[in-house]
Amino acid sequence: MSRPFKIPQSVLVVIHTPALEVLLINRADATEFWQSVTGAKDREDETFAQTARREVMEETGIDVATGKLTDWNLENVYDIYPRWLHRYGPGVTRNTEHVFGLCVPAQTPVTLNPREHTAWQWLPWRQAADRCFSPSNAEAILMLPEFIS
């Protein structure tokens, strides 16, 4: 049974503490690809907020109810990396990514899904931005201070 194609609508969730330490996770399918939580909608009618809550739980074991999820009302549209194009339908080459922040208490436990990620680390926000492989992820992290209330 073949897997259905991914929907080219996803979320990026910058998980951070009040002190602006940012959680980065390392992709299992790409060495040294550090990133925030990302993931595509499972269904067309799934809202971006629902996708964000689901992906945070699936990838980190963090329940967003332990913190404050904020919709940054930002979207990035980018070319899908060639190594992952096969996951999308024929002719799909671009993805729309909706950005959220999730502020959690310091020392929030992290439980990775080993199929998706191999390691995690908390870094000060500027260092986290420097460590990200994705330019849109790095830009979102650099914007973090603007979204702290």
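How many of the ten residues of strand 6 are buried? Seven of them are buried (under 20% relative accessible area, with exposed meaning over 50% and partly exposed in between, for a 1.4 Å probe and protein chains only), so strand 6 is largely enclosed by the rest of the structure. The model is a predicted one, in which local features need pLDDT of at least 70 and side-chain atom pairs count only at pLDDT 80 or more, whereas totals for chains, interfaces and linings use all residues. Residues are numbered from 1 along each chain as its sequence is written, and side-chain values use heavy atoms, with hydrogens and water left out.

Helices (H or I, at least four residues) and strands (E, at least two) are taken as DSSP runs numbered from the N terminus, and two strands are said to pair if DSSP finds at least two bridges between them. On this basis strand 1 (residues 9-16) pairs with strand 6 in the parallel sense over eight bridges, with His98 of strand 6 as the bridge partner of Val11. Strand 5 pairs with strand 6 in the antiparallel sense over ten bridges, and here Glu75 stands opposite His98. Strand 1 also pairs with strand 4, in the antiparallel sense and over four bridges, Val13 standing opposite Val37 of strand 4.

In helix 3, the residues Ser136, Asn137, Ala138, Ala140 and Ile141 are buried. The buried residues of this helix pack (contact meaning heavy atoms within 4.5 Å) against strand 1, strand 2 (21-27), strand 3, strand 5, strand 6 and helix 2. Gln35, which lies in strand 3 (residues 34-35), counts as buried at 3% relative accessibility. Residues up to four places away in sequence being left out of the count, Gln35 touches Leu23, Leu24, Ile25, Arg27, His117, Cys132, Phe133 and Asn137. Polar contacts are pairs of N or O atoms within 3.5 Å; within protein, one atom must be able to donate a hydrogen and the other to accept it, and residues adjacent in sequence count only if both atoms are side-chain atoms. The side chain of Gln35 makes such a contact with the side chain of Arg27 at 3.4 Å and another with the side chain of Thr38 at 3.0 Å.

Six aromatic pairs are found in the structure, where rings of Phe, Tyr and Trp (its six-membered ring) pair if their centres lie within 6.5 Å, planes under 30 degrees apart counting as stacked, over 60 as edge-to-face and the rest as tilted. One of these pairs, between Tyr81 and Phe133, is tilted, at 5.7 Å centre to centre and with 55° between the planes. This pair links distant parts of the chain, 52 residues apart, with Tyr81 in the loop between strand 5 (68-79) and strand 6 (94-103) and Phe133 in the loop between helix 2 (125-131) and helix 3 (135-142). Tyr81 is partly exposed at 31% relative accessibility, and Phe133 is likewise partly exposed, at 21%. Phe33, Tyr81, Trp84 and Phe133 form one aromatic cluster. A charge is placed over a ring if NZ of Lys or CZ of Arg is within 6 Å of the ring centre and within 35 degrees of the ring normal. Arg27 lies over the face of Trp84 at 4.3 Å from the ring centre, and Arg83 lies over the face of Phe33 at 5.3 Å from the ring centre.

With a disulfide defined as a pair of cysteine sulfur atoms within 2.5 Å, the count comes to zero. The sulfur of Cys103 is 18 Å from the closest cysteine sulfur, that of Cys132, and therefore too far for a bond. Cys103 is partly exposed, with a relative accessible area of 23%, whereas Cys132 counts as buried at 11%.

Two residues remain to be described for their backbone angles. Most residues other than glycine have a negative phi. Asn73, in strand 5, has a positive phi of about 50° although it is not a glycine, and this residue counts as exposed at 61% relative accessibility. Gln107, in the loop between strand 6 and strand 7 (117-124), has a positive phi near 65° and is exposed, with a relative accessible area of 76%.
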